[in-house]
Amino acid sequence: MSVMDVIVDRFVGLWRIPAIRRNFPWTFLLISVVGSILKELELVPQTYFSSSRNVVNIYFVKLSWGWTLLLLTPFLLLSNSSFSSSVSFLCRRLSSLAVATLIWYVCTETFFYIEDATGSCFENSAFSVVKPEFVSKATCRRAGFHWHGFDISGHSFILTYSALLIMEETAPMAFLRTSSLSAYLIVVLSLLYVALNLIIFMWVLMFACTSVYFHDPSHKLLGTTLGLLGWYLTYRVWYLKPLSPGMPPQRQPKEQKQHA
């Protein structure tokens, strides 16, 4: 057995533990609450990750939706095609990413709108002198000033939602590792699967950093709750119904004849 096979088996075994899959979503709420308390009490020392200019934040978190789609799209296409070659089945399953992207877009745009609608422009970070001539965050910041409004944590939302989306859509790997797929396809799927699990680990780590270093408690908790809500309403409610993208395949490929 190769090193890659061992790593894949370890990840698959981890996600097949019922308690982990069941409690993973609520871990984000726990981290958000505990992290917010630690931040308010100033109990966490400053580190490299307390700066928003850290490399992981700039090149991964700020592009988190792009990274999620870049890795998840080929995995979803290859893994689901292993269960059925039906075009309608593949289109239904791929539409889950379109739904997720719509949820991401609507939520993030709404966050920007709320921050603009509730904010004001200030001369400095002490928020003592108002600059009423600037009525939007964009124009305020371009002028070198500081905008302060109700800033729902987009990081808390997208890191929660992306991690849960990956958890759900990579579930078929538990059945594909013992299938009769070609060696080449197994290697590609294994590489994508490991990369996606590493992305989940990175998202959780950066979510924890957001919780202990940035935003007000209400902003983080609301962002986290919306991320959980987006996941719950799709994978625990809508996708269980006939007229939906459907859940990821949960049986051996040879048993998926109903989709053929």
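The protein has 10 helices and two strands, where helices (H or I, at least four residues) and strands (E, at least two) are DSSP runs numbered from the N terminus. Their order from the N terminus is α-α-α-α-α-β-α-β-α-α-α-α. The C-alpha trace spans about 70 × 40 × 30 Å along its principal axes.

The model is predicted: local features need pLDDT of at least 70, side-chain atom pairs count only at pLDDT 80 or more, and totals for chains, interfaces and linings use all residues. Residues are numbered from 1 along each chain as its sequence is written, and side-chain values use heavy atoms, with hydrogens and water left out.

**H1 and H9**

- Helix H1 (residues 3-15) packs on helix H9 (residues 183-213) at an angle of about 50°, the axes being 10 Å apart; axes are lines fitted to C-alpha atoms, for helices over the stretch in contact, and angles run from 0 to 180 degrees between N-to-C directions.
- H1 and H9 are therefore oblique to each other; angles under 35 degrees count as roughly parallel, over 145 as roughly antiparallel, 65 to 115 as roughly perpendicular and the rest as oblique.
- On the H1 side, Met 4, Ile 7, Val 8, Phe 11, Val 12 and Trp 15 meet Ser 190, Leu 191, Tyr 193, Val 194, Asn 197 and Ile 200 of H9, contact meaning heavy atoms within 4.5 Å.
- The residues of this contact comprise 10 nonpolar, two polar and no charged; Ala, Val, Leu, Ile, Met, Phe, Trp, Tyr, Cys and Pro count as nonpolar, Asp, Glu, Lys and Arg as charged, and the others, Gly among them, as polar.

**H2 and H10**

- The axes of helix H2 (residues 18-40) and helix H10 (residues 217-237) cross at roughly 175° and come within 10 Å.
- H2 and H10 are therefore roughly antiparallel to each other.
- Residues in the contact include Trp 26, Phe 28 and Leu 29 of H2 and Leu 221, Leu 228 and Trp 231 of H10.
- By class, the residues of the contact of H2 with H10 are nine nonpolar, four polar and three charged.

**Largest pocket**

- The largest pocket holds about 1,200 Å³ of space; on a 1 Å grid over the protein atoms alone, a pocket is an open set of points where a 1.4 Å probe fits, with protein on both sides within 12 Å along at least five of seven lines, and lining residues have an atom within 4 Å of a point.
- Among the 40 lining residues, Lys 62, Lys 137, Asp 151, His 155 and His 215 are the closest to the pocket centre.
- H5 gives the most to the lining, with seven residues.
- The lining has 16 nonpolar, 16 polar and eight charged residues.

Definitions and conventions:
Grid points are joined across faces, edges and corners, and a volume is the space filled by probe spheres set on the points.
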